[in-house]
Amino acid sequence: LKILVISYHYLPEENPRVFRWSSIVSHWLSSGHDVSVITATQNNFKEYKKDSSQTIIITENLKGKYIRQFSLEKYPKLIKKCIRLFNEIFIKSIRWPDFSWPWILNARRRALRHLKENQDTDIIISVSHPFSSHLIGNAVKKKYPKIRWIMDIGDPFCFLYDTQPNNFLFYNKLNKYIERKFFSRSNFISVTTKETMDEYSKLFPESKAKIKVIPPLISPESKNFFNNYENKSQLNNKKLRFVYIGTLYAGIRHPKKLLDMLSDVRKYLKSNFEIHFYGPVVDIDISTFNNSYIYFHSSVCHYEALQLMMEADILINIGNTTKFQFPSKLVEYVSTGKPVLNIISNSDDSSLDFLSNYPLSKSIYLSDENKNNVVSEVTDYIKFTLTRRKKVNHVDMSKYEIQNIASQYELMFF
């Protein structure tokens, strides 16, 4: 089959959607399919192993280029500050559908040209986040209605109130109208959680039968790394290491409650453990966490992140405030066989069901009312993990491996 994937993010970038789709594309190429990818990714990485797909990089328009250009380090801080202030106050309040709006027209033009040159294309798959990819998919489907169009949704669009992709005060009705229209025009919609499927089914009941849940993916690279890793460190010879990998946000993934709780646990246990955060920090003043055992590190590459997971004694997940987003790193966390401390802020967090059958996980709902009980629970959990010493072996992750994930998309091809 001839397949066109439209994804704003792609190799050599590193984020969950890129890991997912680069793995699927590589799998389809090895299976004999002809796959092309239209993306906005910038090939500015020193070491980048390109796959054999036809990757078509479409740059943003001049406005997008200027915003990106003036964010570079070589420009004076005052200029960068002014550009960012203008972007925050003016551009963010009126842009639609999301941050990638400067890419849409150029990508739409190139996608239509690609289809004109490849009229035997069978499948188009538009990938979000960001939602802009679906505008391009819609334009292709409208021009070539016989092509099967799959909308792949990593993060929901019209009801993502906690991290709004645009100004919902202006665009709330438009978001729902457009997304409903796209659902109606597409052949299938894939989402990663049942909660997201249920919400979309309520909003767009006429498209309910089209919506399929395809779970997160563990990439072949991650699977091979975990299977072949040899941990030479000994627990007795080092401090206990808590490790969190991912982005921290002030609104949906703030570490304060976690750190306050672990501070009490540390005193209770009389243990000199360390807490390490790896990844971007957005709108959080980390200088307020000045304890000597708390470390905030910058972002690391995926390979280094896998190493850090295996070197950790206990992995930390901080759940989102919304139930519609599932942290894909949990699939990697569980694949390590290491203990996972899961901090949630609502009782229907999507991680609860996933971790329910993993024996080394502990999910904790943090609130001011249950603080003492939580400290006791986490203390007991740490003691329990210390008695285990060894990771869990033979965790069945076949549901999340490339063969199963790719085959679920293939069921939508016909």
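**A buried arginine, then the backbone and the sheet**

A: This is a predicted model, and in it R110 is in contact with I38, I56, I58 and E117, leaving aside its neighbours within four places in sequence.

Q: Where is R110 placed, by the way?
A: R110 is in helix α4, which covers residues 104-117.

Q: And is R110 buried or exposed?
A: R110 is buried, and yet it has no salt bridge.

Q: Switching to the backbone, which residues does a cis peptide bond join around P12?
A: A cis peptide bond joins L11 and P12, with omega at about 10°, and P12 lies in the loop between β1 (2-7) and α1 (16-30).

Q: What about the peptide bond from S128 to H129, cis or trans?
A: The bond from S128 to H129 is cis, with omega near 25°, and H129 is found in the loop between β4 (123-128) and α5 (132-143).

Q: What is phi of D283 near?
A: Phi of D283 is near 60°, which is a positive value in a residue other than glycine. D283 sits in the loop between β11 (281-282) and β12 (294-297), and it is exposed, with a relative accessible area of 70%.

Q: Now the open sheet: how many strands form it, and in what order?
A: Six strands form the open sheet, in the order β12-β10-β8-β13-β14-β15, and their pairing is parallel. The edge strands are β12 and β15 (361-365), each of which pairs on one side only, and the twist from one strand to the next averages 20°.

Q: Which helix packs on the sheet and touches β10?
A: Helix α9 (residues 256-269) packs there, touching β8 (241-245), β10 (274-278), β12, β13 and β14, and its direction makes about 165° with that of β10.

Q: What about helix α11, which strands does that one lie across?
A: Helix α11 (residues 329-336) lies across β8, β13 and β14, and it runs at about 160° to β13.

Q: Last one: how many bridges join β13 to β14?
A: Four bridges join β13 (residues 314-318) to β14 (residues 340-344), and the two strands run parallel. As one example of the pairing, the bridge partner of I318 in β14 is I343.

Conventions:
Residues numbered from 1 in each chain as written. Predicted model: local features only at pLDDT ≥ 70, side-chain atom pairs only at ≥ 80, totals over all residues. Heavy atoms only, no water. Buried < 20%, exposed > 50% of the residue type's maximum accessible area, 1.4 Å probe, protein only. Lys, Arg positive; Asp, Glu negative; His and termini not counted. Salt bridge = Lys/Arg side-chain N within 4 Å of Asp/Glu carboxyl O. Contact = heavy atoms within 4.5 Å. Pairing = 2+ DSSP bridges. Axes fitted to C-alpha atoms, helices over the stretch in contact; angles between N-to-C directions.
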